[in-house]
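Hi there,

Here is the structure I promised to pass on. Please have a look at it first, and then read my notes below.

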Amino acid sequence: MELELDRVTKQYGNKTACDRISITFQKGVYGLLGANGAGKTTLIRMICGVLAPTSGTISFNKIDVSHEDYRDALGYLPQEFGYYPEFSALDFLLYIAALKGVPKPQAKEKAWELLKQVSLEKDARKRIKTFSGGMKQRLGIAQSMLNNPQILILDEPTAGLDPKERIHFRNMISCLGEDRIVLLSTHIVSDIEHIAGTILVMKDGSLIHQGTRNEIISAIDGKVWECTLSQSDAIDICKKYPVINLRQESAGMVFLRLISEEKPCAEAFIAQATLEDLYLYYFSEGSEQ
Ligand SMILES: Nc1ncnc2c1ncn2[C@@H]1O[C@H](COP(=O)(O)OP(=O)(O)O)[C@@H](O)[C@H]1O
Ligand SMILES: [Mg+2]
């Protein structure tokens, strides 16, 4: 099972939304991490064949993205997904199954199987307009799984979920990644930190990191420092280094967490680098990294 992107590029006029992206996906969960505007949705829409690349190629087991067989292997939950509020969850799935050309008896069986898998079995006959954000997203995943896809693509599926729903969601994604390629985009580190075998970090249309969590973190290993300084010393340090975290302490002191190649000041201690550090390093406001 191999989904291959070779120098995939998308240009909107002068704007390069995706710049020569090359990735080879195999079975497992992939987390596509990047701030708003990084190019995640553009990349995903090209992988799903709804947007043509300006240049570059996308293929699954050597089958081109434009081929019908590719479509059959794909499940997709778009970022803006339209539900039918008056439909029940079950009717909605049967409706989408009909659109996808799944035969009726088979559709019914598959719909119930999926409702069970996303823990909506008891809510199958309730109208979607009564659902919470998390329930809607789970239903969205169920519809993307109707054709039992080998590639499952979810664009910002955790948007609007509360912390409890997020945990439920993460567990579900882990299971789905056991026998297929799952790609999910997010701008929230904790959504993918512990479930994605491979993390892809995208910034300004480019893939700036790809690898396991530890591989990616190693880029800033030994460069994360913490210190507690007086207000005026803190101001000086803030001018010199990218600051990841700043907290006012008692007696006018300031706690700083920052990135620096070398020890930034006598008071500084090395801290354990995290994926959150890396993310903030690249994406905090005014960041020029
Ligand atoms: N149809 C479009 N026409 C012009 N620019 C676009 C279009 N879609 C997206 N963009 C621009 O491309 C960049 C990437 O957008 P997008 O792929 O939606 O990023 P993300 O999903 O990471 O937020 C943004 O700067 C966005 O404004
Ligand atoms: Mg997007």
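**Around the ligand**

Sorted by class, the shell around ligand 1 holds four nonpolar, five polar and two charged residues (Ala, Val, Leu, Ile, Met, Phe, Trp, Tyr, Cys and Pro count as nonpolar, Asp, Glu, Lys and Arg as charged, and the others, Gly among them, as polar). This is a predicted model, where local features need pLDDT of at least 70, side-chain atom pairs count only at pLDDT 80 or more, and totals for chains, interfaces and linings use all residues. Residues are numbered from 1 along each chain as its sequence is written, chains are lettered from A and ligands numbered from 1 in the order in which they are written, and side-chain values use heavy atoms, with hydrogens and water left out.

The shell (residues with a heavy atom within 4 Å) includes Tyr12, Gly37 and Lys40. Helix 1 (40–47) and strand 2 (15–25) each give two or more residues to this shell, and helix 1 has the largest share, three residues. Helices (H or I, at least four residues) and strands (E, at least two) are DSSP runs, numbered from the N terminus.

**Domains**

The domain assignment, automatic or from a database, gives domain 1 (3–212) and domain 2 (224–272). Their C-alpha centres lie 40 Å apart.

Best wishes
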